[in-house]
2 protein chains.
Amino acid sequence: MSAIKTIRISPQEMKSTFIKKLMVFDFSAEDAEKCATIFTENSLDGVYSHGVNRFPRFVDYLKRGLVLPKNKPQLKKQMGVIEQWDGAMGAGPLNAFFATNRALELAEENGMGCIALSNTNHWMRGGYYGWQAAKKGYLYIGWTNTTAIMPAWGAQDSKLGNNPLVMGIPYRKEAIVLDMSMSQFSYGAMELASLKNQKLPVTGGYDSDGNLTDDPDAILQSLRTLPVGFWKGSGLSFVLDVMAAILSDGLAVHQVAQKEEEISCSQIFITINPKKLAGYDQKDTAIDEIVKDLKSSMPMDEMSKMRYPGERAVESRKENTEKGIPVLAAVWDDILHL
Amino acid sequence: MSAIKTIRISPQEMKSTFIKKLMVFDFSAEDAEKCATIFTENSLDGVYSHGVNRFPRFVDYLKRGLVLPKNKPQLKKQMGVIEQWDGAMGAGPLNAFFATNRALELAEENGMGCIALSNTNHWMRGGYYGWQAAKKGYLYIGWTNTTAIMPAWGAQDSKLGNNPLVMGIPYRKEAIVLDMSMSQFSYGAMELASLKNQKLPVTGGYDSDGNLTDDPDAILQSLRTLPVGFWKGSGLSFVLDVMAAILSDGLAVHQVAQKEEEISCSQIFITINPKKLAGYDQKDTAIDEIVKDLKSSMPMDEMSKMRYPGERAVESRKENTEKGIPVLAAVWDDILHL
């Protein structure tokens, strides 16, 4: 089973490897370092699917000219605390990092900021930008649209994006960060379950006969994944797409789906500056009580552990900082040979 | 089966009846009219659970002094485009209507506005405020916390609110409005299914033995309802509560749950003024294409109809304006005798 042999790579080694591989392209040293940092920190936080495991595909898109490393976002229009930017098909993580920082600048002065970014590329892990804002003391609400990957409720063919929604809140020295895509399971999660010969923990889609199923292979066959909450996540995905596309004056899911790959997405970054609000000096104590209440829940079984969104990222970061980041040996080998 | 006999009441008669019943309390004529309008329009749009069917409980709360009809929201703090208001335990619909309008004023000048409202009461149908903003040409994102009504993922006892999230977008002469609570089914929906001896259309919770079930009676017995998307809606509910409580400096779900009824909630109203943004003059055409793509889905079966969020409200409004608002005869009789 060498294909699933896992090795541990130190964050330093991972980051320097990423930088080396990115500098082959037209990135500035600063941009290569920032991009490598984002991929490494996503991996440190345990989101390997949008960290180290995704790096080869990112490089592939660079090679194919789908992501343009020299391009920088351009301001299209400003209206009060809202700015529309054109991502110019630059690197998604760099564009999103920039947009988050710009939204923070707007919020610092005005209480809120909103960047609507068109023509950008996959931001990898959306939660990164929630953490970015929250660790600086701001609240964050952001989302992206994606390519069509999921049938609307009542449909057989995929017209909706999984359009991840991210919300971040500063909490003590860390943050509460929700990073929630609108599909119940990603294709990656279903492929992993299939590889391990496991059922999904809950119903994840329809089989080819139209029956709800927890069999990942049946769903990988039918491509009929389920939105979270059936009709509810279907509606939320739709609305997130419409808002992202019209606020950014960018492409909607059905247009991204016409592209050869998932490129030229539309994204929203909303920041809130809570620092001067009434009661905010006591917010950590207030959140402590909310967390305490959650954790006082009667667990469903011995395996159940009540966690708030983002808590697991902190645990992973601690473990992976100490022990190194777990990577499939085959994936790391691929990266070394990119 | 006289208990489920339905009659049709004209919107004019419904509204004037509500006004008469409200004027018994200390409402101004203007406030009684506004409150009656909201209850009537919610019913017109087909959301009877938070329109006519809920009116008796609203009156009960007035009688018991849980909702204070004379009280008006008070500004607590302003920071740029954010304002914190104290709802002063006034009528939830009036407070929410006010907060939405105030957020629109802020957005008109500054691109965005955010009202964080503490110490308010049930806003009835959250979608109302999404429509309110969207029909004036603004985008809207808002939510409320509630009392504890749903177990967190992995828990047996209810610690989470269903914390409805509302998003509104102007579209042609109407709007796209999502109004989504974080529980898969409301208790009202389960009670209705039980009354009709029907199963739920999908899994809605756990029975008392800890098995997932679509049997409404089993869930009404166990009180173990499911969050939308299992762990995902559980996390979203949690984060919405934390944001609402800390931004408004108001109560969190666990504190509302200590009250004798669901009162003193915390709510967020975010508005976005898109009117001067690049491309916005073409947005209806862009949305037409998104809607067209959705509706071109291959349906799951002959019964499936692809609708966007809010589409059904327009259909109901049209039908109920023409034919009158359908009301259970017993409910209307109750209201006449309040």
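The legends below describe close-up views of a predicted model with chains A and B.

**View 1. The symmetry relation between chain A and chain B.** In this predicted model, chain A is superposed on chain B by a rotation of 180° with 0.0 Å of shift along the rotation axis, and the RMSD of that superposition is 0.0 Å. That is the relation of a two-fold axis. Within chain A, the C-alpha nearest the axis belongs to Gly229(A), at 2.3 Å from it. Both copies use the same surface, since 100% of the contact residues of chain A recur in chain B.

**View 2. The side of chain A that touches chain B.** The contact between the chains involves 71 residues of chain A and 71 residues of chain B. On the chain A side, the elements that give two or more residues are the strands β2 (74–79), β3 (82–86), β4 (112–120), β8 (165–171) and β9 (174–180), together with the helices α4, α8 (231–248) and α10. Of these, α8(A) provides the largest share of the side that touches chain B, with twelve residues. When the residues of this side of chain A are divided by class, 41 are nonpolar, 17 are polar and 13 are charged.

**View 3. Helix α10 of chain A against helix α8 of chain B.** The axes of α10(A), residues 283–295, and α8(B), residues 231–248, come within 10 Å and cross at roughly 150°. Because angles over 145 degrees count as roughly antiparallel, this crossing makes α10(A) roughly antiparallel to α8(B). The crossing of the two helices, α10(A) and α8(B), is right-handed. From α10(A) the contact takes Lys283(A), Ala286(A), Ile287(A), Ile290(A) and Leu294(A), and from α8(B) it takes Phe238(B), Asp241(B), Val242(B), Ala245(B) and Ile246(B). The residues of this contact of α10(A) with α8(B) comprise eight nonpolar, no polar and two charged.

**View 4. Domain 1 of chain A facing domain 2 of chain A.** The domain assignment of chain A places residues 1–70 + 313–338 in domain 1 and residues 72–183 + 227–276 in domain 2. The C-alpha centres of domain 1 and domain 2 of chain A lie 22 Å apart, and the contact between these domains takes 18 residues from domain 1 and 16 residues from domain 2. On the side of domain 1 of chain A that touches domain 2 of chain A, the elements giving two or more residues are α2 (29–44) and α11 (311–323) of chain A. Helix α2(A) gives the most to this side of domain 1, with seven residues. By class, the residues on this side of domain 1 of chain A divide into eleven nonpolar, three polar and four charged.

**View 5. Helices α4 and α5 within chain A.** Helix α4 of chain A (residues 92–110) and helix α5 of chain A (residues 127–135) have axes that come within 10 Å and cross at roughly 30°. Because angles under 35 degrees count as roughly parallel, this crossing makes α4(A) roughly parallel to α5(A). The crossing in which α4(A) passes α5(A) is right-handed. Residues Ala96(A), Phe97(A), Thr100(A) and Leu104(A) of α4(A) make the contact with Tyr129(A), Gln132(A) and Ala133(A) of α5(A). This contact of α4(A) with α5(A) has five nonpolar, two polar and no charged residues.

**View 6. Helices α4 and α5 within chain B.** In chain B, the axes of α4 (residues 92–110) and α5 (residues 127–135) come within 10 Å and cross at roughly 30°, which means that α4(B) is roughly parallel to α5(B). Helix α4(B) passes α5(B) in a crossing that is right-handed. The residues that make the contact are Ala96(B), Phe97(B), Thr100(B) and Leu104(B) on α4(B) and Tyr129(B), Gln132(B) and Ala133(B) on α5(B). Sorted by class, the contact of α4(B) with α5(B) consists of five nonpolar, two polar and no charged residues.

Technical notes
Residues are numbered from 1 along each chain as its sequence is written. Chains are lettered from A and ligands numbered from 1 in the order in which they are written. This is a predicted model: local features need pLDDT of at least 70, side-chain atom pairs count only at pLDDT 80 or more; totals for chains, interfaces and linings use all residues. Copies are superposed by least squares on the C-alpha atoms of residues with pLDDT of at least 70 in both. Two residues are in contact if their C-beta atoms, placed from the backbone, lie within 7 Å. Domain bounds come from an automatic or database domain assignment. Helices (H or I, at least four residues) and strands (E, at least two) are DSSP runs, numbered from the N terminus. Ala, Val, Leu, Ile, Met, Phe, Trp, Tyr, Cys and Pro count as nonpolar, Asp, Glu, Lys and Arg as charged, and the others, Gly among them, as polar. Axes are lines fitted to C-alpha atoms, for helices over the stretch in contact, and angles run from 0 to 180 degrees between N-to-C directions. Angles under 35 degrees count as roughly parallel, over 145 as roughly antiparallel, 65 to 115 as roughly perpendicular and the rest as oblique. A crossing is left-handed if the near helix is turned anticlockwise from the far one by less than a right angle, and right-handed if clockwise.
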